[in-house]
Each structure stands twice: as structure tokens, then as C-alpha cells.
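Biologist: I have a few questions about this chain. Can we go through them with the model open?
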Amino acid sequence: MNKVILFLRHNFLDRTIMRTILISYLLVNVLLLLLLGYLSIRDSTKMITDEIVNSSNKVMEQAALGLSFNLEESKRSLVMLAGNYSVITMMKEHHTIGIRNRLQHERNIAEIAQGVSTYQTLISDVLMLGKTGYINNLDGRKTLQWDYPFQSQDWVKETFQTNPQGSFFSIGVHKQDYYLSTNITRYNQPALSVVLQVKGYQGQTLGAVIGNLDLSKINGMFEQSTYQNKGSIFLIDENRRIIVHKDSSQIGQALNFPDEEKLYEQPSGHFKETINGIETLVIFQPTAVNGWKMLSTVPMSDITGQSQPLKSNLGRILYLCLIANTLISLLITLRISLPVRRLLAALDRMGEDDSLYVKPRDYRYRELNHIGNKFKDLMGRIDLLIKQNYLTQISLKEEELKTLQAQINPHFLFNTLQQLQTEIVCGNTEESNHIVLSLSNLFRYSMKRSEEEVELEREMSNVSDYLYILNKKYNDGIAVSFLIPNRGVLRCKIPKLTLQPIVENSIRHGFGDHSREGAIRIKAVAGRKGLLIVIADNGQGIASAQVDTLNRHINNPTQKTDNIGLYNVSQRIKLKYGNEYGIRIRSRQTAGTKISILLPLIY
């Protein structure tokens, strides 16, 4: 009995760590649990609301990106027609042109219209309307009513007027009552139209090409999130008219609720509103088209219905946590006592041979005083050694690696955009699309900074896109081949953006700015020392003395060199895997160059 009383007094009545931990742990955790329970129950609806807002914003962001991309693609198709000589001539002079010339211009327009119909899926039709009365569409007026009064329609007049948004703008939704009634998919159906005005050679407006967008395909971009069982996502124009909605009967109608001005107080946000007698959460975002807003509506009954079970479960969980926390606090406090005593005994033995001066300090508790007096100097010495040696070296290497990685950036964006402009002006739609896709793949690949290592297959795919774009400079005069005897090596992990700088270096120095018949071969094999990647070209080559200088420079971390790309790749490899890996250059003048990259086999 006396031992129990002595134990309780020693651990719970004296000022000890054990007593302090028990009281502090119980008090702090009970208060935190109570506060957490109160805030969780109070804010459960807000949490679900925020989650719905985030989910809806992501859905709307994806829809907005898709809409922006498709509108840009539609604009390119309209540019092809609006800038065509035959379209401009027919809108300006179709009354005075002879039959022969008229037929030739119509054939030219039909060829362009065929390309738009083939490659543009979002556009259902394109109307070509001139101020002089010229009328045409993608099928050569076969489905249009010949006597339809286009010039007297308000939406047609709007296309000829000066618009603050420029020559390309939207005229919203209108009925397609100008088609033949036999065309059941279009006749009298609503259409969302974008306009590109046709300008004369002196800048005067001659007419417009009007792209009617397929509303069913646009609606397909507006997928509902899992929280929107009774809600919807829709699009309104600058006049608050609904232009895209899953319920086709809503299209063309004006948006009407009391606080609709909140939509324009800030670019994006959310608020609660009563719509048709139902309290509704309204979430809105801007789009790429000036004045258009994307809205998502979710009934608040869906949100509160989901939060009620959460409140009940939180109450039960918090009650159990309070009981469990009290028991765990007692158990942890009792279990701390024995390890602390064992630690003190070990420290006493460790300090027997230590002759260093120890300055005593009062830490208030006897256990902390003892540990502090024995452990203070030892920890100081260990901390000093760590700072002077290990941490210094690690920090240095990390900073070097970050610096080297930051230096690797694409250098050919400007030339790519120039090439893309040339292809667009020449009307090479397929080549333009291929260049855009390759460029977007390169950007998507380089922007994922969280990936330090990627599979060799992905790196080679990136190089293929890069070579496709760069090869345009040489009129596709450089043959590119990949030699992979064992497809299994494609799964090997290598540092991201290892091959692209080397390939760029080979083309720039091997072939220069002159178009010529050339070849680049990329080979990857698994060897005894690791993964070997060889990039060979049949370019002008390098003198042997210069090759030795290059090899010496790129493998020396303190040596300055003008070959930034090779130097950066070599140093990244060495910093990551060690000095036994890296780059080796072999070349002879007029006989081409081979660059070998040795990496460890990592799957």
C-alpha cells in the first residue's frame, strides 16, 4: 500500500513530466475535440457546399477550355473562308461578274467548304452573306430557301455592324427558319452562331461568314458532377440569354432571378438564390468569350440532405473519441515513465568517459535537468558536424540540381509559331493541326514538374513530337529512326528531358541552318553497365581536338562551356546517379557525330 501511495505521489503530486503530460494532454485534447466537434457540426453544410463549388468549378473549367478550344478551331475555319479571294470577290461584285468567272469562284468556295465540313465537327453549317445580297453556305445553297429575306433579319444586320469585340464575335441564338422544311435536323431549330466579318482590301465590311455551332455537341461538354442530381450547368450570353442548356426549351430565354446582378460584380463566385420557389446554390465562371458566363445551379435541399447523416455520425464519433482519449492519455502517460528512466540510465553510462565541460541549467523538471546536463553538449557537437558536412553537401547538390533543371527550357517556340502561321496561311489544315498537337504535347510534358524521372518510351515520344516540329525547318529533309532491339528497355526510368537537348544540339551543330539530306538515329540497348542510349547523325561532324575539349568540359562541374544543353544533361545525370554515368561524344569531320548516354537500369 505504501509503495502504491509513494508511486502516485512521486508521479502525480510532485512536479514531474508524467503529471504535466497527463494533465496537458487530457486538457488540450478534450478542448480540441470539443472545438472540432462544434465546428464540424456547424460547418458540415458549408464543407459540402465548398466541395460542390470546387467540383462544379472543375467541371465548368473543363467545359470552358473545351468551348474555348472549339471556338478557336471554328474561328480558323471561318478565317479560311473570310480571307479567301473568291469569297471576297463574290460578296463585292457578284452582280457584275460573268458566268464563267462566277462558276470558277463558286468552285473555289466549294472546295474550301468541303474542307470545313470534313475537319470541323462543331460547325453544323456556315452562311456566307454579303451586303450586296450574295448568299451561300457549305452545301452550295442546296438546303437554303431561295426567297428567304436574309437582309431584313435583325441578326443578319448585326453581323454587318461594327462590334466592340472586333471582327470575330457571337450573335447568340436564333432560329434556323431559312432552311428547307425537309431538312428536319436544322429547320426552325435554335443555333448558336459566331461571326467573322469579311473585309475588303480597303478595310470596308463586305459581308460576314456565320458559323452555326452544333448545340448538341456543345451540351456534351457540360457534364454534371455527382452532386448535381437535380442541378444543371448552362451558358448565358452578354444579354443574359441562355444559349446552351440541357433542356432545349430553355435556350433563347432570358435568365431571370432577383439577384442576377451578382453575376457581374466579380468574374467568378457563388451565391444562394431562390429560383422558382426553390433555394438554389448558383455557381458562375467567365469564359473565353467576352460577356459569356457559365452557370451551375444545385438545389440546397440536395446539400442539406447529404450533410444531415454527417452531423449525426460526427456526434457519435466525438462522444466515443472523448472516452477513448481519456483512456489513451492514462495509458500513454504510464508508458512514458519507463522509457524515460531507461534513457536516463543510458545517458549516465554514456557520460562516464566524457571530459567535456557541462554547464548546468534549470529546466524546471528534474528529468529534463538531468537529460539537459548530459545531452546538451553531445547534441551540440553532433549538430555542428551535421551542419558542416552532411547537410552542407546535400543542400549544395540539391541547389545545383535545381539550377541545372531550371536552365533547360524550349528554344524553338518562336520558329514553331512562324511555321504554324505559314501552314495556316497556305491552308494546310492537317499540317497545322499536327503542329498544334505536337506543340501541345511538348508543353504538357515539360509542365509536369512533379515528375523527375519518366519511362524511356515517354521521353522518346516527346522527342518524336519535338523532331516533327523542328524538321519542318528543313522541309522534312532529315530522316529520323528509332532502333530498339529489346522493347523492354522502354520501361526504364530516365531523367526527364534528357534526350531533347541532345537532339537539338545534334541538329543545330550537325546540319546548321541549311536544308540538306540528313539522318538522325536514336538507339537504346541494355548493357552490362546500364542503359546505353546513342544519338547519331550524319552531319558535318567535329574536329578531334574539339571533341576532346567538349568531353573534358561537359564532364567537369567547374569548367565553363558554351554547350549549355550537353553540360546541363551531363551534370543532372552525375548529380543524380554518380560520376560513373554521363555523356560521351565521338565524332569526325564530315562523318557525323555520335553522342552516347550511359544511365543505370531502373524500372
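Modeller: Let's start with the contacts. In the protein chain, 62% of the contacts with a separation of 6 or more are between residues 24 or more positions apart. Keep in mind that this is a predicted model.

Biologist: How many helices and strands in the protein chain?
Modeller: The secondary structure comes to 15 helices and 17 strands.

Biologist: And what share of the residues counts as buried?
Modeller: 43% of the 603 residues. The accessible surface of the chain is about 34100 Å², and carbon and sulfur atoms hold 54% of that.

Biologist: Salt bridges next. How many does the structure hold?
Modeller: The total is 7 salt bridges. One of them joins the side chains of Glu-431 and Lys-472, at 2.5 Å from N to O. Glu-431 belongs to helix 11 (residues 429–447) and Lys-472 to the loop between helix 12 and strand 12, so this pair ties together parts 41 residues apart in sequence.

Biologist: Is Lys-472 buried or exposed?
Modeller: Lys-472 counts as buried, because its relative accessibility is 9% and the cut-off for buried is under 20%.

Biologist: What else does Lys-472 touch?
Modeller: Leaving out residues up to four places away in sequence, Lys-472 touches Gln-419 as well as Glu-431. There is also a network of salt bridges that links Glu-431, Lys-472 and Asp-476.

Biologist: What about Asp-237 and Arg-241?
Modeller: Their side chains meet in a salt bridge too, with 3.0 Å from N to O. Asp-237 is buried, with a relative accessible area of 1%, while Arg-241 is partly exposed at 28%.

Biologist: Switching to helix 13. How far does it reach?
Modeller: Helix 13 covers residues 499–511 and spans 18 Å from its first C-alpha to its last, close to the 18 Å expected for its 13 residues.

Biologist: How many of the residues in helix 13 are buried?
Modeller: 11 of the 13, so the helix is mostly covered, taking buried as under 20% relative accessible area. Among them are Leu-499, Pro-501, Ile-507 and Phe-511.

Biologist: Which salt bridge does Arg-508 form?
Modeller: Arg-508 pairs with Glu-504, and their closest N and O atoms are 3.6 Å apart. The two are 4 residues apart in helix 13, which means a separation of about one helical turn. Arg-508 is partly exposed at 46% relative accessibility, whereas Glu-504 is buried at 15%.

Biologist: What follows helix 13?
Modeller: Gly-512, with a positive phi near 65°.

Biologist: Cysteines, then. How many disulfides?
Modeller: The count is 0 disulfides. Cys-426 is exposed, with 52% relative accessibility, and Cys-492 is buried at 0%.

Biologist: Which residues make the nonpolar surface patch?
Modeller: Leu-27, Val-28, Leu-31 and Leu-32 make a nonpolar patch of about 380 Å². Leu-27 sits in helix 2 (residues 17–82).

Biologist: Last topic, helix 7. Where is Ile-328 relative to Tyr-25?
Modeller: Ile-328 and Tyr-25 are 303 residues apart along the chain, and their C-alpha atoms are separated by 9.9 Å. Ile-328 is in helix 7 (residues 300–350) and is partly exposed, with a relative accessible area of 40%.

Technical notes:
Residues are numbered from 1 along each chain as its sequence is written. This is a predicted model: local features need pLDDT of at least 70, side-chain atom pairs count only at pLDDT 80 or more; totals for chains, interfaces and linings use all residues. Side-chain values use heavy atoms; hydrogens and water are left out. The expected span of a helix is 1.5 Å times one less than its number of residues. Buried means under 20% relative accessible area, exposed over 50%, partly exposed in between (1.4 Å probe, protein chains only). A disulfide is a pair of cysteine sulfur atoms within 2.5 Å. Patches are made of residues with over 30% relative accessible area and no salt bridge: like charges are joined within 9 Å, nonpolar side chains (Val, Leu, Ile, Met, Phe, Trp, Tyr) within 5 Å. Accessible areas come from the Shrake-Rupley method with a 1.4 Å probe; for residues, only the protein chains shown count as cover. A salt bridge is a side-chain nitrogen of Lys or Arg within 4 Å of a carboxyl oxygen of Asp or Glu. Contact means heavy atoms within 4.5 Å.
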